[in-house]
Amino acid sequence: MRENASLHDYHTFGIEVSTRFLEEVHTTDEFLKVYRDSRYDDLPKLILGGGSNVLFTHDFPGLVIVNRLEGIQVLEEDERAVRLKVASGEIWHHLVLHCVENGWGGIENLSLIPGTVGAAPMQNIGAYGVEIKEVLESVEYLSLEDFRTYTLRNEACEFGYRESIFKHTLKDKAFIISIILRLEKKGHVLKMNYGDIREVLEKNQVNDPGIKDISQAVISIRQSKLPDPKELGNAGSFFKNPEVEPEVVESLLRKYPLMPNYPMPSGKIKVPAGWLIEQSGWKGKRVGNTGSHARQALVLVNYGGAKAEEVKDLAYTIIEDVESKFGIRLSPEVNFI
Ligand code: FAD
Ligand code: EPU
């Protein structure tokens with residue numbers, strides 16, 4: 001246990017904040033022991049994976065529990081598919097590389113997303129045309145109300161775009177212990193339609209791409225756009241891409257005919273928040289120690305020594321500017337703590 005511990009190295013935004021207590025846990029039993037320890041009875045508690053989707057807005061007045069549960073286990077395997085049980089503290093990208101090396105298809109488009117496996121179902125991580133819900137069979141969690149273990153099948157997780165039951169009904173009520181994924185060994189259809197994947201493959205003269213080629217293409221696209229948190233503090237996309245009514249998009253297209261827009265199965269239309277922020281004049285703009293990134297406007301960064309208040313102020317100014325120009329209100333993707 002550490003007391004008055006700095007959280008600087010436990011989250012990717014690099015904000016100087018501390019927590020009253022910090023414990024790292026390696027097993028579910030350790031988690032239970034720490035969580036139920038009478039010393040922490042009346043204190044707020046926060047579970048942290050890699051801290052890559054949080055913005056600490058103040059010193060944390062309670063207990064931060066850092067998840068270090070490890071293990072990747074093959075539950076079942078035949079010539080077509082493999083079922084994997086993965087402990088929640090595993091690093092997501094390590095899991096992706098492990099699967100890519102083994103030729104197991106399904107999560108290669110999700111290469112290089114920071115953070116842990118346990119946080120992945122929280123917001124149904126997604127990138128380059130794939131979301132984890134497409135390969136996720138179930139989530140095992142410990143209830144923080146009755147301290148029993150439950151398994152939620154995919155359909156019960158209420159997955160949506162950057163959404164799940166863990167952000168709503170089960171918010172602060174569940175510790176995700178492990179997940180089960182079903183990946184393909186044979187007949188896997190590669191997803192190459194999103195963004196620049198095909199372009200990168202062509203440039204690298206890959207004519208008959210495999211799982212590893214897709215993973216490498218995604219890695220190189222991401223490295224060319226997204227700031228590395230080790231060099232520039234950030235939490236990835238700060239806002240979600242808004243899903244807007246078709247009438248609103250139609251009227252905006254009359255004024256901004258080049259506005260990118262993507263119809264969704266729901267009937268709504270997704271408009272890239274990065275475009276809205278760029279058009280509002282914020283791309284690459286620095287305010288004090290924070291700003292919108294020069295290569296990806298949707299990512300707010302910490303140039304060093306940024307205070308949470310500065311980041312919050314910038315985020316709300318951007319929200320207001322985008323709303324007054326386009327009538328669309330952005331909502332944060334990052335979890336404010
Ligand atoms: P944390 O930030 O530690 O936690 C996030 C939330 O989940 C917190 O509320 C926390 O309390 C809760 N939580 C964490 N673990 C558990 C658990 N075991 N049980 C219960 N609750 C838990 N996301 C995408 O979807 N797609 C992207 O392409 C993407 N790109 C990114 C790029 C960069 C450079 C960065 C910095 C972030 C990016 N993200 C992306 C966001 C982030 O990586 C993901 O949301 C990731 O899943 C967060 O994992 P984490 O372990 O760091 O979660
Ligand atoms: N765009 C701009 N200016 C910018 C950035 C983007 O005009 O500065 C426009 C362009 O039209 C571009 C489009 O937005 O074609 C989409 O941009 P990009 O492919 O970079 O993706 P994104 O919509 O900005 C989303 C996810 C990312 C994910 C990528 C790739 C959200 C909130 N973000 O970003 O996820 O990696 O797609 O699939 O859905 C994250 O969640 O933290 C994250 C990084």
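Predicted model: local features only at pLDDT ≥ 70, side-chain atom pairs only at ≥ 80, totals over all residues.
Two strands count as paired when DSSP finds at least two bridges between them. Residues are numbered from 1 along each chain as its sequence is written, chains are lettered from A and ligands numbered from 1 in the order in which they are written, and side-chain values use heavy atoms, leaving out hydrogens and water.

Five strands make an open sheet in the order 6-7-12-10-11, and their pairing is antiparallel. Strand 6 (72–77) and strand 11 (149–153) are at the edges with a single partner strand each, so one side of each has no neighbour in the sheet. From one strand to the next, the twist averages 20° (axes are lines fitted to C-alpha atoms, for helices over the stretch in contact, and angles run from 0 to 180 degrees between N-to-C directions).

Now zoom in on one pair. Strand 7 (residues 81–87) and strand 12 (residues 174–184) run antiparallel to each other, joined over seven bridges. Look for Leu84, whose bridge partner in strand 12 is Leu181. Helix 2 (residues 92–102) lies across strand 6, strand 7 and strand 12, at about 155° to strand 7; contact here means heavy atoms within 4.5 Å.

Step back to see the whole chain. The domain assignment, which is automatic or from a database, gives domain 1 (2–67), domain 2 (72–205 + 213–222) and domain 3 (233–336). Domain 1 and domain 3 have C-alpha centres 29 Å apart, and their contact takes 10 residues from domain 1 and 17 residues from domain 3. About 1100 Å² is buried between them, with carbon and sulfur atoms giving 58%; buried area is the accessible area (1.4 Å probe) that two parts lose on being put together, summed over both. On the domain 1 side, Phe13, Asn53 and Leu55 lose the most area to domain 3, together 58% of what that side buries.

Finally, find Lys325 in helix 7 (residues 308–326). Lys325 is partly exposed, with a relative accessible area of 37% (under 20% is buried, over 50% exposed, and partly exposed is in between, with a 1.4 Å probe and protein chains only). Leaving aside residues up to four places away in sequence, Lys325 touches Tyr256, Gln279 and Ser280.

Notes
Helix = DSSP H or I, 4+ residues; strand = E, 2+ residues; numbered from the N terminus.
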